Amino acid sequence: MPKSLSCAIIGAGSIGGLIDSPNSENIASHAHAFFKHPNCKLVAICEPNSANQSAFVGRWDEVEIYHSFDSLLQYETIDLLAIASPTPFHAKTLEEALHVKSLQAIMCEKPLVATAKELAHIKPLLLSSDKKILIHLMRQYDPSFIKLAHAITAQKWGKAVRFQGVFTKGLLHNGIHMLALLSHLFGEIQNIKSLHVTHHHDISGDFDVTCKHARGVLSCMEELPYSAFELTIWFENGKVEIKEGGSRIDTFIKKPSTLYEGYFTLEHEETLPNTLKYYALNSLEFLLQNDDITCKQILQEHLDVHAKIFETIAKEKRQ
């Protein structure tokens with residue numbers, strides 16, 4: 001990729017640019033990531049909402065504003081695109097973006113699409129494209145999570161015994177973050193069995209999840225009046241606790257008990273650096289630095305996670 005990239009954002013709402021500002025310690029929006037990266041320049045946004053337009057320009061200075069992706073493409077030559085519009089608009093925008101010759105890379109917010117039908121249509125187009133494409137399931141691109149994944153693969157704490165996770169906002173909306181993380185750490189999601197499930201636009205409740213190398217239970221608690229994302233993984237010789245959405249990762253190691261002969265306990269080993277606070281920049285850097293093969297493998301993995309979620313939702317609707 002060239003040293004200077006012209007970038008655009010589709011959807012200038014929260015994750016597009018209004019979740020933080022240039023002075024924020026966190027780097028959570030695509031605008032902030034482009035602002036911080038030395039090889040990127042944000043040149044345009046596509047945002048039909050006038051209030052969002054004004055708020056965005058007030059934070060990130062002057063950029064060209066367009067009401068549609070077609071009009072943006074008519075006047076701008078874009079190298080890198082961040083899609084942060086509402087999910088129902090993703091599929092159409094992605095398909096249009098795949099035909100833009102100048103476009104080299106795409107980062108799309110999760111979930112990638114709104115329906116299984118959209119996924120079936122867009123999946124082969126994405127996998128056959130020569131563009132680098134990543135779904136913004138950001139923990140996979142975070143340095144501390146990458147370090148954790150390497151330690152698990154090397155069996156630093158032995159084999160995984162069980163995991164238990166809690167999240168909010170539905171199996172598709174927020175559960176996809178949890179399932180993508182589990183898929184990354186323990187291989188393909190082979191089965192999701194619904195235990196106690198409620199239906200809204202999405203589904204929530206308890207789910208028994210089997211990965212290639214581990215299994216456990218996830219609970220989507222819609223009744224919580226706050227956001228939650230926590231995961232505990234028990235190993236033969238240790239434990240990992242992922243808290244605060246992933247901003248805190250604690251590891252524990254098996255040690256002989258100081259009280260009882262022949263017994264063992266867990267002792268705190270390490271707290272990994274909180275690199276997730278820079279997640280938008282970490283994701284952008286990952287996209288730019290990694291090769292096409294790596295990005296395609298991760299894209300395939302995340303498409304498979306989407307498919308498994310849509311399959312689970314379909315099963316529930318048939319019952």
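This is a predicted model: local features need pLDDT of at least 70, side-chain atom pairs count only at pLDDT 80 or more; totals for chains, interfaces and linings use all residues.
Biologist: What counts as a cavity, and what as a pocket?
Modeller: Rolling a probe the size of a water molecule over the atoms shows where empty space is left. On a 1 Å grid over the protein atoms alone, a cavity is a set of points where a 1.4 Å probe fits but cannot get out; a pocket is an open set with protein on both sides within 12 Å along at least five of seven lines; lining residues have an atom within 4 Å of a point. Points join across faces, edges and corners, and a volume is the space filled by probe spheres set on them. By this rule there are three cavities of 30 Å³ or more. The largest cavity holds about 60 Å³.

Biologist: Which residues line the largest cavity?
Modeller: H30, A33, F34, L80, A82, M107, H136, A280, S283 and L284 do. At least two lining residues each come from α2 (30-36), β4 (80-83) and α9 (279-289). Those elements are DSSP runs numbered from the N terminus: helices are H or I with at least four residues, strands are E with at least two.

Biologist: What lines the second largest cavity?
Modeller: L137, M138, R139, Q140, H177, A180 and L181 surround this space, which has a volume of about 40 Å³. Four of the lining residues are nonpolar, two polar and one charged.

Biologist: How many residues line the largest pocket?
Modeller: The count is 46, with K110, K169, H173, N174 and H177 nearest the centre. The space is about 1,200 Å³. By class the lining has 18 nonpolar, 18 polar and 10 charged residues. α1 (14-18), β9 (203-211), β11 (229-235) and α10 (292-318) each give at least two residues. α10 has the largest share, four residues.

Biologist: Which residues lie nearest the centre of the second largest pocket?
Modeller: I10, C46, S85, F89 and T93 do, out of 18 lining residues. Two or more residues come from each of α4 (69-75) and α5 (90-97). α5 supplies the largest share, three residues. This pocket holds about 350 Å³, and its lining has eight nonpolar, six polar and four charged residues.

Biologist: At what angle do α7 and α8 pack?
Modeller: Axes are lines fitted to C-alpha atoms, for helices over the stretch in contact, and angles run from 0 to 180 degrees between N-to-C directions. α7 (residues 143-153) and α8 (residues 175-186) pack at about 40 degrees, with axes 9 Å apart. The two helices are therefore oblique: under 35 degrees is roughly parallel, over 145 roughly antiparallel, 65 to 115 roughly perpendicular, and the rest oblique. F145, A149 and I152 in α7 meet L181, H184, L185 and F186 in α8; contact means heavy atoms within 4.5 Å. The contact has six nonpolar, one polar and no charged residues.

Biologist: How many aromatic pairs does the structure hold?
Modeller: A pair of aromatic rings is described by the distance of the centres and the angle of the planes. Rings of Phe, Tyr and Trp (its six-membered ring) pair with centres within 6.5 Å; planes under 30 degrees apart are stacked, over 60 edge-to-face, the rest tilted. The structure holds seven pairs. One of them, Y141 with F286, is tilted, at 5.0 Å centre to centre and 45 degrees between planes. The pair links distant parts of the chain, 145 residues apart: Y141 sits in the loop between β6 (132-135) and α7, F286 in α9.

Biologist: Which residues does a cis peptide bond join?
Modeller: K110 and P111, with omega about -20 degrees. P111 lies in the loop between β5 (105-108) and α6 (116-128).

Biologist: Where does Q155 lie?
Modeller: Q155 is in the loop between α7 and β7 (160-167). Its phi is positive, about 55 degrees, although Q155 is not a glycine.

Notes
Residues are numbered from 1 along each chain as its sequence is written. Side-chain values use heavy atoms; hydrogens and water are left out. Ala, Val, Leu, Ile, Met, Phe, Trp, Tyr, Cys and Pro count as nonpolar, Asp, Glu, Lys and Arg as charged, and the others, Gly among them, as polar.
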